[in-house]
Amino acid sequence: MNQFPFPGREACLEELRRDRLYDRIPAGDRDRILHDAWTRGEAAAARYLPQGVPIREVLERAGFRIVREDRDQVLGNTRYFAEFREKSGRITLYTGSIRLWCNHNQVPYGTGEALILAHEYFHCLERQVLPSPREVYTLPLFQIGPWRFGQCGLTCVSEIGAHAFSAAYGQRLQSPENL
Ligand SMILES: [Zn+2]
């Protein structure tokens, strides 16, 4: 079973290790990837999360509609907390999954839901306005001897960014005067 989401910065090393291309990343590059991916998420939060506006309102202003389905959504060995359909502007929250996460982490349900919405919103911003994760790091698609062909990005750069974005929002939640 996939673990519950939203590790802090240190735990994001795990996210990096889980990347399917991890073995190809030179050891000397790992700290920089972690740092730059996290910073990318924090910078996006500073720019795209207006102070004092709850995430639900940010999403509504951006034209999204939030719906809730009361179930623990597990497919294969992954638990899903939300599904974002960009085209229809619909975000489905799986309240059963979220409740489990909240109980596990001892956070109030409303907080958990807000953190998950922030995480998903980051992925949406990535598709719409943020610089590509490839600006953080790429690996050659193939390498044959000294020749390198094409380039590919790392999935973990997106995930670490989303964790940082959500963490930045979570910090604001801790000072209610900000929201
Ligand atoms: Zn994600």
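In which sense do strand β4 and strand β5 pair, and over how many bridges? Select residues 82–85 for β4 and residues 90–94 for β5: the two strands pair in the antiparallel sense, over 4 bridges. Keep in mind as you look that this is a predicted model.

Stop 1: Pick alanine 82 and look across to β5, where leucine 93 is its bridge partner. Now follow the chain around the turn. The hairpin of β4 and β5 has 4 residues between the strands, and glycine 89 takes a positive phi near 70° there.

Stop 2: You now have 3 strands in an open sheet, ordered β1-β5-β4, with mixed pairing.

Stop 3: Bring in helix α4, residues 95–105. α4 lies across β1 and β5, and runs at about 55° to β5. Next, show helix α5, residues 109–128. α5 lies across β4 and β5, running at about 35° to β4.

**Stop 4: where the helices meet.** How do α4 and α5 lie relative to each other? Their axes come within 9 Å and cross at roughly 115°, so α4 and α5 are roughly perpendicular to each other. The crossing in which α4 passes α5 is right-handed. To see the contact itself, select Ile98, Arg99, Trp101 and Cys102 on the α4 side, then Tyr109, Gly112, Glu113 and Ile116 on the α5 side. Colour that contact by class and you get 5 nonpolar, 1 polar and 2 charged residues.

**Stop 5: tyrosine 80.** Bring everything back and select strand β3, residues 78–80, where tyrosine 80 is found. Is tyrosine 80 buried, exposed or partly exposed? It has 15 other C-beta atoms within 10 Å; being buried would take 20 or more and being exposed 12 or fewer, so tyrosine 80 counts as partly exposed. Leaving out residues up to four places away in sequence, tyrosine 80 touches Gln73, Leu75, Tyr94 and Ser97. To finish, draw a C-alpha to C-alpha distance from tyrosine 80 to arginine 65: the two are 15 residues apart in sequence and 18 Å apart in space.

Key: Residues are numbered from 1 along each chain as its sequence is written. This is a predicted model: local features need pLDDT of at least 70, side-chain atom pairs count only at pLDDT 80 or more; totals for chains, interfaces and linings use all residues. Axes are lines fitted to C-alpha atoms, for helices over the stretch in contact, and angles run from 0 to 180 degrees between N-to-C directions. Angles under 35 degrees count as roughly parallel, over 145 as roughly antiparallel, 65 to 115 as roughly perpendicular and the rest as oblique. A crossing is left-handed if the near helix is turned anticlockwise from the far one by less than a right angle, and right-handed if clockwise. Two residues are in contact if their C-beta atoms, placed from the backbone, lie within 7 Å. Ala, Val, Leu, Ile, Met, Phe, Trp, Tyr, Cys and Pro count as nonpolar, Asp, Glu, Lys and Arg as charged, and the others, Gly among them, as polar. Two strands pair if DSSP finds at least two bridges between them.
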